[in-house]
Amino acid sequence: MTTIYNYIKSVPVVTGLFLCLASLPANGGILVQCPGDADGSADWAGGETQPANTKCLHLSSGDGFVTMADGKLQYIFGFSNLTGIPANVETGTADILAAGSLAANFPAPPIVLDEGDDVYLTLTNIGMLNRPDLFDPHSVHFHGFPQSSAIFDGLPDSGVSINMGSSLTYYYKPNDPGTYMYHCHVEAAEHMQMGMLGSLYVRAGQNGETHTYKGKNFTMFAYNDGDGSTGYDKEYPIQIGSFDSAFHDASIDVQPLPFATMFDNYPMLNGRGYPDTVNPDPLTPPVENGEKPSQNESTLITASPGESVLLRISNLNVTRLYTLGTLGISMRVVGKDAKLLRGPDGKDLSYKTSSITLGGGESTDAILDIPAGTTPGTTYFLYTKNLNYLSNDAEQFGGMMTEIRIN
Ligand SMILES: [Cu+2]
């Protein structure tokens, strides 16, 4: 008797497919693709060879908790870094699930690329342990990336998003240096309010050359300026963000989410309110995370007299614009939205200011030129000029502020 199965089996291509599936390792949907890396760790430790100009990264998406500066616990969705954990081996799935569960970071791990890199970024969707009723896919959207291919752009409408238990390796070729940002683009207003945001920047191809600007030699530059005018000694990614605690509480309590009344009461830099912003270490992790660190990015800026400090500032906040300002030292704005501030004829459009205003999705490259005669021990502040947001909910003298310490 000819069954459908026997019929299918008789087709050589389909038989081949069955054989292929049978030969896959028993590691479910987690497959990390990274040239030269055999074990799926997204690195080349243990004798593997890294191809030139190649970067790999393995991120998880899932849930977890962070602690606000006033002690309030907040439930979040977010990304964490799984790079270095072998995924494509017998124990890979168990190891990845253990590392990626309740591991959400806020902000997401910063992604640092070099112009011209071949970038392979694998996202594994672990799922939300505290919301087993949800089956949300997630994605990575490289915001402002000018050479995006639809399939790797993270928009669920025009590309793909990653279901729970699955992974996808995104490919990028960043040819334009500048300060970008990344976020999940699935149900963006919800997933971004919940914390799926991070810094991303592309270092300039001009790095390594020596250019002299105003009597100082530089080998690192924000952009391919040709004249050293975007040269810097140190760089700091700073992401503006803020949370509406009522929204996060409704999420963990499985209640309707208050989209129309979204009102952020925790203004932050790199996922912390002052004074947590100046803590150089990861914050003490909440026990609710199984004590996995979830707030790893300090915003303490330190510099020596005479140094030039590049602030790579981005805003991925959902609800409003924020103004960041300095007191006693000006910012030299050399780039906006990942573009060098130059006119079509090459005219220098950079400017000095003590305040910049960014809406969601905008970025600014600002250089602090610390005067050579600055007294060590001097502290400047970088803070929001929306003074009501210098707060951690009901607590004042906090919020969106950090220190620039001259040593
Ligand atoms: Cu998401």
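**Close-up views of a predicted model**

**View 1. What covers helix H3.** The cover over the buried residues of H3 includes E1, E2 and E4. This is a predicted model, in which local features need pLDDT of at least 70, side-chain atom pairs count only at pLDDT 80 or more, and totals for chains, interfaces and linings use all residues. Residues are numbered from 1 along each chain as its sequence is written. Helix and strand labels are DSSP runs numbered from the N terminus (helices are H or I with at least four residues, strands are E with at least two). H3 spans residues 92-100, and its buried residues are Gly92, Ile96 and Gly100. Buried means that 20 or more other C-beta atoms lie within 10 Å of the residue's own; exposed means 12 or fewer, partly exposed is in between, and C-beta atoms are placed from the backbone. Look down the axis of H3 and these residues fall within an arc of 45°, so they line one face of the helix. That arc is taken from the directions from the helix axis to the C-beta atoms. H3 lies across E1, E2 and E4, and runs at about 80° to E4. For such angles, axes are lines fitted to C-alpha atoms (for helices, over the stretch in contact), and values run from 0 to 180 degrees between N-to-C directions. Just after H3 comes leucine 102, with a positive phi of about 50°.

**View 2. The open sheet.** Here 4 strands line up in the order E2-E1-E4-E6, with mixed pairing. Strands count as paired if DSSP finds at least two bridges between them. E2 and E6 are the edge strands, each pairing on one side only. From one strand to the next, the twist averages 20°. E1 and E2 run antiparallel and are joined by 9 bridges. Find phenylalanine 65 and you'll see tyrosine 75 of E2 standing opposite.

**View 3. Inside the largest nonpolar core.** This core has 52 residues, and Ile76, Leu121, Tyr180 and Met196 touch the most other members. E1 (54-67), E2 (73-81), E3, E4, E6 (167-172), E7 (178-183) and E8 (197-203) each supply at least two of its residues. E1 gives the largest share, 5 residues. A nonpolar core is a set of buried Ala, Val, Leu, Ile, Met, Phe, Trp, Tyr and Cys residues joined through C-beta atoms within 7 Å. A second, separate core of 41 residues includes Tyr223, Met331, Tyr383 and Ile404.

**View 4. Glycine 116 in its loop.** Glycine 116 sits in the loop between E3 (108-114) and E4 (118-127). It counts as exposed because it has 12 C-beta neighbours inside 10 Å. Leaving aside neighbours within four places in sequence, glycine 116 is in contact (C-beta atoms, placed from the backbone, within 7 Å) with Asn53, Asn175 and Gly205. Lysine 173 is 57 residues away in sequence, yet 6.1 Å from glycine 116, C-alpha to C-alpha.

**View 5. Strand E16 and its partners.** E16 (residues 331-336) pairs antiparallel with E18 (residues 351-353) over 3 bridges, and arginine 332 stands opposite lysine 352 in E18. E16 also runs antiparallel to E20 (residues 362-369), joined by 4 bridges, with glycine 335 opposite aspartate 365. E16 and E17 make a hairpin with 2 residues between them, and aspartate 337 in the turn has a positive phi of about 50°.

Definitions and conventions. Two residues are in contact if their C-beta atoms, placed from the backbone, lie within 7 Å.
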